[in-house]
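This briefing concerns a ligand and the space that holds it. Please consult the sequence and the structure shown here alongside the points that follow.

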Amino acid sequence: MSLMFTGIGVSRGIAIGDAYLLRRNQIDVTSRSLSKKSVPVEIRRLKRALKIARQQLLDTRDNIPKDAPTDVSSFIETHILMLDDDALSQRPIEIIKAELINAEAALQKQREELGRVFGSMEDSYLATRIDDVNHVIDSVLRALDGGAEPVVGSENWKGQIIVADDLTPADTVAMQHHGVAGFVTETGGQLSHTAILARSLGIPAIVGVSNIRRYVKAGEILTLDGNAGMVLAEPTAEMLTNFKRRQKETRLQQKELGKLIDTDAITLDGVALKLSANIEIEDDLKALKRVNANGVGLYRTEFLYMNRPTIPTEQEHYKVYTKVVRALKGETLTIRTADLGADKQLSGSAAAASAVASRPLSHNPAMGLRGIRLCLSETHLFIPQLRAILRASAKGSIRMLIPMLTNISEVEQCLQLVEQVKQKLRAENIAFDEKMPVGAMIEVPAAAISAHLFAERLDFLSIGTNDLIQYTLAIDRIDDQVNYLYDPLHPAVLHLIKMIIEAGKAAGIPVAMCGEMAGDVRYVRILLGLGLTDFSMPPNLILETKKTLIAARRATVKKQVIALMATAHTPEERHRILDKINSVTAK
Ligand code: PEP
Ligand code: MG
């Protein structure tokens, strides 16, 4: 009988293969009471297990293939740092002493405590870091049990679909080397490390399919649809034929899209478009080159602050920025200053090194001390980044983008700080681009409504629809329960976008969009109709967006968008017009 499972599709693509069930030995965490006398022995046992787990991680790190993405080694480094952190190396010892329980039970208690802490984090990226904590704790528990982390990739995995409870980054890399067709896991989320790697390695993957290992048997045929987040076990002959056809179609589509790499991005009525990339880590540059993007429209620098115990120094910022701008060979790099604070918190010692740790927890962090608000209140975080961006501007075309601006006074403060930093650099005889453009992310409704004021003072604007929609519609962008209200076509959202584009035009400055909407093929023609020509998105969406836009005529979509905004009052009406707008496809 065929069975269907659904989960979160984290890496697109269609895979067909035999199921390989990855079962790791159950870890024993039975709690035992200790006598006071046996506490030192138990502590020694735990310390030894920590040492073994550490050595295993070091061995894994040393065996990472040279051509693996750099994320892989940084994930392993993170696991080593976690293992060395007091939370895992000291706290369980304190629990053993205080509660007179065995090492396994102490680790389990600490796992639960950390689970609560991570679970309450607003930032979905940080919340999913509990997966890493669990991997690390499991490896210590296995070492306590005398077992080692199972070696992955030693079996013949070629063409199989791996079904596991969870996978480590090292597993995922091994899978690519062994040519697995795809993987499904019972746990994990869109932002887990495994998901990030699956995307960058191009392995179709679905996570969060609870209990799938209970129902699927080894060797059964599975079909995996990474776009829809759907797995079929033992599909009928008809289903299988259908999947094979779709798999072939997807490959052909990818190949076809590849032909657009050197095609000019110009609409049918001659409007020239700019399609640039959003990047988070240096490795994204490879993907950017594969699709021939027009430089970087958004470099989210928060990731430089994450997964590390300290705050990056000016020199560290500088080194990364110069490396990225040089790799762009003349194309522009738009560096967004750190958007830390609400949903991207500094953690551990990095937070302690700033005043963040000593501040009271915000009840509503998305509206709290975030982005430029945090940078202006903690200039020791901000100035090294400003200096590094300015210094790097001597090495290539760089623009600086400021997130979360709400008030003009924040713009004035930023510009003053930039001027002070410039003066110091001049005094130190350090080169920089005197004319480096400074722009604003327009992502707060108040800034959108007064965009003309921002446009008068700044060199460019970039629309951040992820936050603009969150704040306009009052829906927390990371809360699943209100996800159904997320509507980029809401008249209020469209009006704000139109206002921002028009404010930029009136002031004669460029306006880009770097929120997810700019790479969503359902909406890009609407944006074109609203007057947008500068789209920035994840590199893997660029060719599809180009295909959609170059088959459109701006004059036509402009009329359709005016009709949509004037007459379509219900979501159904809006979607009817949207379908019409998108019905014209390339020949
Ligand atoms: C946005 O808000 O649209 C945006 C691009 O910024 P981030 O998603 O990083 O908040
Ligand atoms: Mg934002």
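The points below cover the ligand contacts, the surrounding shell and the cavities.

The model is predicted.

**Polar contacts of ligand 1**
- The polar contacts include one to the backbone of Asn466, where a polar atom lies 2.7 Å from an oxygen atom of ligand 1.
- A polar backbone atom of Gly464 is 3.4 Å from an oxygen atom of ligand 1.
- In the side chain of Arg370, an N or O atom is 3.5 Å from an oxygen atom of ligand 1.

**Shell around ligand 1**
- The shell comprises 15 residues, of which Arg300, Arg336, Gly464, Asn466 and Arg477 come nearest to ligand 1.
- By class, eight of the shell residues are charged, four are polar and three are nonpolar.
- Strand E10 (296-300) and helix H20 (465-473) each contribute at least two residues to this shell.
- Helix H20 gives the most, with three residues.

**Cavities**
- Across the whole structure, a search finds three cavities of 30 Å³ or more.
- The largest cavity holds about 70 Å³ of space.
- Its lining has 14 residues, and Arg300, Arg336, Met441, Glu443 and Asn466 are the closest to the cavity centre.
- This lining divides into eight charged, three polar and three nonpolar residues.
- E10 and H20 each supply at least two residues of the lining of the largest cavity.

Notes
Residues numbered from 1 in each chain as written. Chains lettered and ligands numbered in written order. Predicted model: local features only at pLDDT ≥ 70, side-chain atom pairs only at ≥ 80, totals over all residues. Heavy atoms only, no water. Near = heavy atom within 4 Å. Polar contact = N/O pair within 3.5 Å; in protein donor to acceptor, adjacent residues only side chain to side chain. Helix = DSSP H or I, 4+ residues; strand = E, 2+ residues; numbered from the N terminus. Nonpolar A, V, L, I, M, F, W, Y, C, P; charged D, E, K, R; others polar. 1 Å grid on protein atoms, 1.4 Å probe; cavity = no way out; pocket = protein on both sides within 12 Å on 5 of 7 lines; lining within 4 Å. Points joined across faces, edges and corners; volume = space filled by probe spheres on them.
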